[in-house]
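Reader: I would like a close look at one part of this model. Please keep it brisk and take the charged pairs as the way in.

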Amino acid sequence: MVEEMAGLFFSPEMIAINLELNEEETEYFQNSVIMKDTSSRFVAAYFKGWLEAEISLRRAIKQSAMNGSSPSQQQMLNYQKEGKV
């Protein structure tokens with residue numbers, strides 16, 4: 001469920017609510033996401049879902065850019081700038 005919800009870009013808080021986590025568990029989950037601490041299976045699932053959806057989305061934007069969409073081309077240029085080391 002975490003992976004699916006993260007893949008739909010739900011916030012960690014909303015995922016915690018859906019999982020019926022208590023206040024302490026919710027805080028731990030949210031802080032672990034912020035710290036990118038994937039030692040927790042929930043956090044690992046969160047990032048896996050998020051990244052898989054992001055990859056699919058970027059592929060669609062790339063295809064649209066290759067087909068001549070100016071907004072998609074601009075978005076790809078933004079991704080390129082963000083990805084530079």
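Predicted model: local features only at pLDDT ≥ 70, side-chain atom pairs only at ≥ 80, totals over all residues.

Is K48 buried, partly exposed or exposed, and at what relative accessibility?

Author: K48 counts as partly exposed, because its relative accessibility is 44%, between the 20% and 50% cut-offs.

Start with its partners. K48 forms a salt bridge with E3. The closest N and O atoms of that pair are 3.7 Å apart. K48 lies in helix α4 and E3 in helix α1, so the pair ties together parts that are 45 residues apart in sequence. E3 is partly exposed as well, with a relative accessible area of 29%.

K48 also meets E52 in a salt bridge, again at 3.7 Å from N to O. E52 and K48 are four residues apart in helix α4, so about one helical turn separates them. E52 counts as partly exposed at 40% relative accessibility. Taken together, E3, K48 and E52 are linked in a network of salt bridges.

The count of salt bridges comes to three. Another of them joins E54 and R58, with the closest N and O atoms 2.9 Å apart. Both residues lie in helix α4, four residues apart, about one turn of the helix. E54 is buried, because its relative accessible area is 18%, under the 20% cut-off. R58 counts as partly exposed at 32%.

Now the nonpolar side. The largest nonpolar core has twelve residues, among them V2, M5, L21, F29 and F47. Helices α1, α2, α3 and α4 each supply at least two residues of this core. The largest share comes from α4, with four residues.

E23, E24, E25 and E27 form a negative surface patch. E23 is found in helix α3, which covers residues 23-34. At 69% relative accessibility, E23 counts as exposed.

Most residues other than glycine have a negative phi. F9 has a positive phi of about 65° although it is not a glycine. F9 is found in the loop between α1 and α2, and it is partly exposed at 34%. E20 also has a positive phi, near 60°. E20 sits in the loop between α2 and α3. It is exposed, with a relative accessible area of 70%.

How values were computed. Residues numbered from 1 in each chain as written. Heavy atoms only, no water. Patch = residues over 30% accessible without salt bridge, like charges linked within 9 Å, V, L, I, M, F, W, Y side chains within 5 Å. Areas by Shrake-Rupley, 256 points an atom, 1.4 Å probe, with all protein chains shown as cover. Salt bridge = Lys/Arg side-chain N within 4 Å of Asp/Glu carboxyl O. Lys, Arg positive; Asp, Glu negative; His and termini not counted. Charge placed at Lys NZ, Arg CZ, Asp CG, Glu CD. Buried < 20%, exposed > 50% of the residue type's maximum accessible area, 1.4 Å probe, protein only. Core = buried A, V, L, I, M, F, W, Y, C linked by side-chain atoms within 4.5 Å.
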